Amino acid sequence: MREVGIVKNVKGKFAEIRMATEEECKTCPLEGTCPETSLLQNKQATIIAKNDVNAEKNDLVSFEMDESSILRGAFTIYVIPLLFFILGLALGIVLEKGFGISISSLENALSVVTSIAFLGIGIIIVREKDKKYKTSSYITEILAKGSDALPLTNFVTPDFSKKSS
C-alpha cells in the first residue's frame, strides 16, 4: 500500500513519518475509537519506515506499507490483551467455583481481580513485542525537500493506481 507523508524525525536508517489519515479513518470499522494517546493524533498517523533514500526532516516522501504487517499489528494490539483478559476471567471462575477460593465477600471478586491482572500482563506482552517489531515499511522516493514540502494538511495524496503514459 503506497502512502505519502512528511518526515518528522530521522534516527539512523529509519524515519518517523506523519501521514494524513482522514480518508482511511472514514472507511475503518473502528472509526473514532482511536484515543488521543495512540498513534492517531489530529487525524494524522505516525509510522516508522526504513530510510534508504536519505530523506531528511520535513521532506515530503512516498512510502510503501505492508498490509499484512498492519493486520498483524492490529491483531497484536487488540486480540492478545482480550485473550489474556478472558483467560484471567476463566482462571478466576475456576479458582472461585472449583476450589472455593475467594478474596472478598463479594461474589466473583477473584474473577475480576485475575481478569484485570491478566489484562495487564497481556498489555505488557504487547508492549514488549512492539519493541522487537521490525518495520516492513520503507520510503520509496522523496517528493519534495524540506521547505519545498507542502504542509501535510494541504497536500492531496496522489493516485498511484493510475499508470502514467
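Helices (H or I, at least four residues) and strands (E, at least two) are DSSP runs, numbered from the N terminus. The model is predicted, so local features need pLDDT of at least 70 and side-chain atom pairs count only at pLDDT 80 or more, while totals for chains, interfaces and linings use all residues. Residues are numbered from 1 along each chain as its sequence is written, and side-chain values use heavy atoms, with hydrogens and water left out.

Select strand β4, residues 60-64. Of its 5 residues, 5 are buried (under 20% relative accessible area; exposed is over 50%, partly exposed in between; 1.4 Å probe, protein chains only). L60, S62 and E64 point one way from β4, and V61 and F63 point the other way. In a regular strand, side chains alternate between the two faces of the sheet.

Next, select L82, F85, I86, L89, I93, V112 and I116, a nonpolar surface patch with about 580 Å² of accessible area together. Patch members have over 30% relative accessible area and no salt bridge, and nonpolar side chains are joined within 5 Å. Helix α2 (67-99) and helix α3 (109-132) each give two or more residues, with the largest share, 5 residues, from α2.

Finish at I116 in α3, which counts as exposed because its relative accessibility is 51%.

Definitions and conventions
Patch = residues over 30% accessible without salt bridge, like charges linked within 9 Å, V, L, I, M, F, W, Y side chains within 5 Å. Areas by Shrake-Rupley, 256 points an atom, 1.4 Å probe, with all protein chains shown as cover. Salt bridge = Lys/Arg side-chain N within 4 Å of Asp/Glu carboxyl O.
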